Amino acid sequence: MRVVPFPYADPVALFETFAGEPFAALLHSGARDGERGRYSYIAADPFLRIAADERGVRIDGAALDLDPFTALERALDRFALPQGESPVPFATGAVGFISYELGRHLERLPAPKRSPAPFPEMLFGLYDTVLAFDHQQEAAYVLSCGLPEPEGPARRARAQARADHMLARLAYAPPRRRAADWTARTSWTPMQPRAEVEAGIARVIEYIRAGDIFQANLTQAMLAQRPAGLPDYELYLRLLELSPAPFSALLTGDGTHAVISASPERFLRITAEGKVETRPIKGTRPRDPDPARDAANAAALLASPKDRAENLMIVDLMRNDLSRVSCIGSVGVPVLNGLETFASVHHLVSVVESRLRPGIRPVDVLRACFPGGSITGAPKIRAMEIIHELEPLPRGIYCGAIGWIGFDGAMDTSIVIRTLARSGETLIAQAGGGIVADSVPADEYEESMVKITPLLRAVSGEPT
């Protein structure tokens, strides 16, 4: 592994150099909150590309008779590297996303509905060169492993050449982040009227009272046509101004599709030593500009029996999912219903952790846990069937996962919430919440609007 330090800078500013390329990825800690806000990464120019949709799986355009999870797993196995001396957790590997509907490859679920803005089920690039930023130490590095060359002089030579090429590109990067341009704007069209959304919530409550489920996460969607001349990078700058988050991301995708995310929620993190962590979010209150009212909102959330019960249900679900791949007795909950505060909302966040059994790899953990319990419900499969019945569109990238998987077996992923997805010239914004027995449809609708508002404003051109 070639590790070359370079002057610390804002990764968002540097990424403008790469933002016009397909399969460029910025994983950005937009809110500095301890370990989750410590690292950011830029990856560009992958040496291998994996894509999956309803037609099947392709690697660099060639069709494969494999399910998407197996295709990703085999690619990572082919290029596996031993754990090395790296100053950051991610030292080259795969970067990309898996969409919510990829769950149909894991469980027997209804076929996805047709979408007015179709999205791939999976897009990953495999990157031999990564820019890494340690915000705590104010340090930055180019990391290059020299793959796909075999071990030996050719790999070392490629690692050096690729690192040099990346450093040369950085010489032309903007020195600092510019302010977002709010000129281009458009309006949104809801896919369901409010009454229909609330009727769906009421139907979930009926299912709960009938004993089908304990909880389901029901969502709504809005569509807009991208304003002419509004690049994905500009949208990302706008969203950062409105809603910085520890798991922000901009993925330029295949050119036809892009992801602009400000997610606050970690899905799965795996260290190279096999420790796993997930941080489900359940329970939300809006921020208030008045400090006293803001503190009162946070205190009300912490004291809410309904929100605490909602969180606990998902903690139990994630404990069960992780137990399928973890050492007996290693699954624990060091934080239950902790308060975390973000730009526009307060959340209840729990932490579930475990230690993987020997031989378990990152894709095995994805198979055991995907989709995340916080955006499905409990029991998971029945909740997903009800979601399919009541939501008019497939979710696509929303409620899927974004992140990196290292060639050394480490991984970090987010749950795709607070995210704008672009399919062609169509923009999609989605939001929802967990419905339980004592949910009030009108209140749940209002909570979803609190969550979706920064996304809507980023496109409608409302900076404040």
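Buried residues are those with under 20% relative accessible area, exposed residues those over 50%, and partly exposed residues those in between (1.4 Å probe, protein chains only). The model shown is predicted: local features need pLDDT of at least 70, side-chain atom pairs count only at pLDDT 80 or more, and totals for chains, interfaces and linings use all residues. Residues are numbered from 1 along each chain as its sequence is written, and side-chain values use heavy atoms, with hydrogens and water left out.

**Figure 1. Helix α2 and its packing partners.**
Helix α2 is mostly covered, with eight of its 11 residues buried. These are Pro68, Phe69, Thr70, Ala71, Leu72, Glu73, Ala75 and Leu76. The buried residues of α2 pack against the strands β4, β5 (56–59), β7, β8 (122–127) and β21, and against helix α8 (362–369). Contact here means heavy atoms within 4.5 Å. Helices (H or I, at least four residues) and strands (E, at least two) are DSSP runs, numbered from the N terminus.

**Figure 2. The whole protein, for orientation.**
The protein contains 10 helices and 24 strands. Its radius of gyration is 21 Å, close to the 23 Å that the globule rule gives for 464 residues, so the protein is as compact as a globular protein of that length. The radius is taken over C-alpha atoms, and the rule is 2.2 Å times the number of residues to the power 0.38. Along the principal axes, the C-alpha atoms fill a box of roughly 65 × 55 × 45 Å. Of the 464 residues, 59% are buried. Among contacts with a separation of 6 or more, 76% are between residues 24 or more positions apart. The accessible surface comes to about 17,900 Å², and 53% of this belongs to carbon and sulfur atoms. Accessible areas come from the Shrake-Rupley method with a 1.4 Å probe; for residues, only the protein chains shown count as cover. The mean positions of the 50 positive and 57 negative charges are 1 Å apart. Lys and Arg count as positive and Asp and Glu as negative, while His and the chain ends are not counted; each charge is placed at NZ of Lys, CZ of Arg, CG of Asp or CD of Glu.

**Figure 3. Aromatic pairs, with Phe47 and Phe407 in close-up.**
A search of the whole structure finds 12 aromatic pairs. In the pair shown, the ring centres of Phe47 and Phe407 are 6.3 Å apart and the ring planes stand at 35 degrees, so the pair is tilted. The pair links distant parts of the chain, 360 residues apart: Phe47 is in the loop between β3 (39–43) and β4 (48–53), and Phe407 in the loop between β21 (401–406) and β22 (411–415). Both Phe47 and Phe407 are buried. Elsewhere, ring pairs link Tyr39, Tyr41, Phe90 and Trp404 into a cluster. Rings of Phe, Tyr and Trp (its six-membered ring) pair if their centres lie within 6.5 Å; planes under 30 degrees apart count as stacked, over 60 as edge-to-face and the rest as tilted.

A cis peptide bond joins Leu147 and Pro148, with omega about 10 degrees. Pro148 lies in the loop between β10 (139–144) and α3 (153–170). Another cis peptide bond joins Ala378 and Pro379, where omega is about -10 degrees. Pro379 belongs to the loop between β20 (377–378) and α9 (380–390).

Phe23, a residue other than glycine, has a positive phi near 60 degrees. This residue lies in the loop between α1 (11–15) and β2 (25–28), and Phe23 is buried at a relative accessible area of 9%. Thr92, likewise not a glycine, has a positive phi of about 80 degrees. Its place is in the loop between α2 (68–78) and β7 (93–98), and Thr92 counts as buried at 1% relative accessibility.

Pro454 is part of helix α10 (residues 441–460) and is buried, with a relative accessible area of 8%. Leaving aside neighbours within four places in sequence, Pro454 is in contact with Leu239, Leu242, Ser243 and Ser344. The C-alpha atoms of Pro454 and Asp181, 273 residues apart along the chain, are separated by 16 Å. Ala216 belongs to strand β12 (residues 215–225) and counts as buried at 1% relative accessibility. With neighbours within four places in sequence again left aside, Ala216 is in contact with Val204, Thr376, Gly377, Ala383, Gly433, Gly434 and Ile435. The C-alpha atoms of Ala216 and Val204, 12 residues apart along the chain, are separated by 6.9 Å.
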